[in-house]
Amino acid sequence: MNQDIRAPYYGELGRLSFSPGWARPEPAMWPAPRPKFKPAVWRFAAARAALDQAGEFVPVEQAERRNLIMVNPIEGNVYASSRNIVAAYQMVKAGEKARSHRHTAAALRLVVDAKPGTYTVVDGARIDMAPGDVVLTPSWCWHGHANETDATSYWIDFLDVPFVQHSEAMFFEPNPVGFEPITSTGPSPYRIPAREALGSGRDAKTVEIAKDALPTIGLSLMRLPSGARHDVAKTTVNHLYSVISGKARVALESGTSESLAVGDVMTVPCWHAHSLIADDDAIVFRVTDEPLLAKVGLVKSA
Ligand SMILES: [Fe+2]
């Protein structure tokens, strides 16, 4: 082809919404995962202080959105913590009720600090929230939060919103009556207290919880006695960790490591070999997108 006609040729392709496969600006495939997301850490102490300040000017009408989203610090990202999952620190002040809503995104929360009298209403069922509890709100379940104590309650939300946004299957509906009334109380499969799930003992143990409850999100509780180490090989699965009690460290293959205190969150994107090391007797909460990847046959390890 004559050099002179290339510029108008490519210009015309662009007008026709074609991209020439032989001259792509970047390849569409590569030999192994090249994660764009980075390992990143968010500190509960910093979030708590910032949320307390927000509590002074963000009114109760916006309580369900008075949260701090953990944005992975990569160029162009304004929301996701990892490829398919977002995490956020949430607070509900003493005496507040956060209005009920539902969405196609699946959600769960890990309670960090809450006095008895803090609860979530899921499809009419009152689910009490205590530190270390995991509370599930599967896709399209109504949920609202209440704090009938004299202290602010804090927890960490995890949702598959980045995936649902990507698939463009997002629906959201506010509850027509505001805060959904309680129609039942008592034990709920949507409340998983960490210590009960792990049972007694001090040995290293990992328990998968809420299996099949959320189609996109995998949850585990990990008990690591002081000095214990849990290695994770390179995998296509994206990991998030938080500490429920004690202290743990995440060591990356690059040689860097991050110490996590209670309520801190760290994300380790796919294809980063890493280790969890207990610096003290620790209980660690692990959140992954493994069930989602498994459904489409994309769980692979190096
Ligand atoms: Fe929600």
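I began with Ser 220, which is buried at a relative accessible area of 6%. My cut-offs: buried means under 20% relative accessible area, exposed over 50%, and partly exposed in between, with a 1.4 Å probe and protein chains only. The model is predicted, so local features need pLDDT of at least 70, side-chain atom pairs count only at pLDDT 80 or more, and totals for chains, interfaces and linings use all residues. Residues are numbered from 1 along each chain as its sequence is written, and side-chain values use heavy atoms, with hydrogens and water left out.

**Entry: Ser 220**

I placed Ser 220 in strand 14. Strands (E, at least two residues) and helices (H or I, at least four) are DSSP runs, numbered from the N terminus. Next I listed contacts, meaning heavy atoms within 4.5 Å. Beyond its neighbours within four places in sequence, Ser 220 meets Thr 206, Val 207, Glu 208, Ile 209, Val 284, Phe 285 and Arg 286.

I then looked up Pro 215. Pro 215 sits in the loop between strand 13 (205-209) and strand 14 (218-224). Is Pro 215 buried or partly exposed? I noted Pro 215 as partly exposed, because its relative accessible area is 42%. Setting aside residues up to four places away in sequence, Pro 215 touches Pro 291, Leu 292 and Lys 295. I also checked Pro 215 against Thr 235: they are 20 residues apart in sequence and 19 Å apart in space, C-alpha to C-alpha.

Asp 212 is in the loop between strand 13 and strand 14 as well. Its phi is near 70°, a positive value in a residue other than glycine. Asp 212 counts as exposed, because its relative accessibility is 69%.

**Entry: another positive phi**

I found Asp 123 in the loop between strand 6 (118-122) and strand 7 (125-128). Asp 123 is not a glycine, yet its phi is positive, about 50°. At 40% relative accessibility, I put Asp 123 down as partly exposed.

**Entry: the iron ion**

Which residues coordinate the iron ion? I found His 101, His 103 and His 143, each through NE2, at 2.1 to 2.2 Å. Donors here are N, O and S atoms within 2.8 Å of the metal (3.2 Å for Na, K and Ca); water is not among the atoms, so sites may look incomplete. Along the chain the donors follow the spacing H-x1-H-x39-H. His 101 and His 103 are both buried.

**Entry: aromatic pairs**

How many aromatic pairs does the structure hold? I noted five. Rings of Phe, Tyr and Trp (its six-membered ring) pair if their centres lie within 6.5 Å; planes under 30 degrees apart count as stacked, over 60 as edge-to-face and the rest as tilted.

The pair of Phe 44 and Tyr 89 is tilted, because the planes stand at 45°, with the ring centres 5.8 Å apart. Phe 44 belongs to helix 2 (residues 44-54) and Tyr 89 to strand 3 (residues 86-92), so this pair ties together parts that are 45 residues apart in sequence. Phe 44 and Tyr 89 are both buried.

I turned to Phe 158 and Phe 285, an edge-to-face pair with 5.8 Å centre to centre and 70° between the planes. Phe 158 is in strand 10 (residues 153-159) and Phe 285 in strand 21 (residues 282-288), so the pair links parts that are 127 residues apart in sequence. Phe 158 is buried at 0% relative accessibility. Phe 285 is buried too, with a relative accessible area of 0%.

I also wrote down one aromatic cluster, formed by Tyr 9, Tyr 10 and Trp 22.

**Entry: charges over rings**

A charge sits over a ring if NZ of Lys or CZ of Arg is within 6 Å of the ring centre and within 35 degrees of the ring normal. I found Arg 34 over the face of Trp 30, 4.1 Å from the ring centre. Lys 97 lies over the face of Phe 179, at 5.4 Å from the ring centre.

I looked up an open sheet of four strands, with the order 15-20-17-18 and antiparallel pairing. Two strands pair if DSSP finds at least two bridges between them. Strand 15 (229-232) and strand 18 (257-260) are the edges, each pairing on one side only. Strand 17 (residues 248-252) and strand 20 (residues 274-278) run antiparallel and are joined by five bridges. I saw Ala 248 opposite Ala 278 in strand 20.
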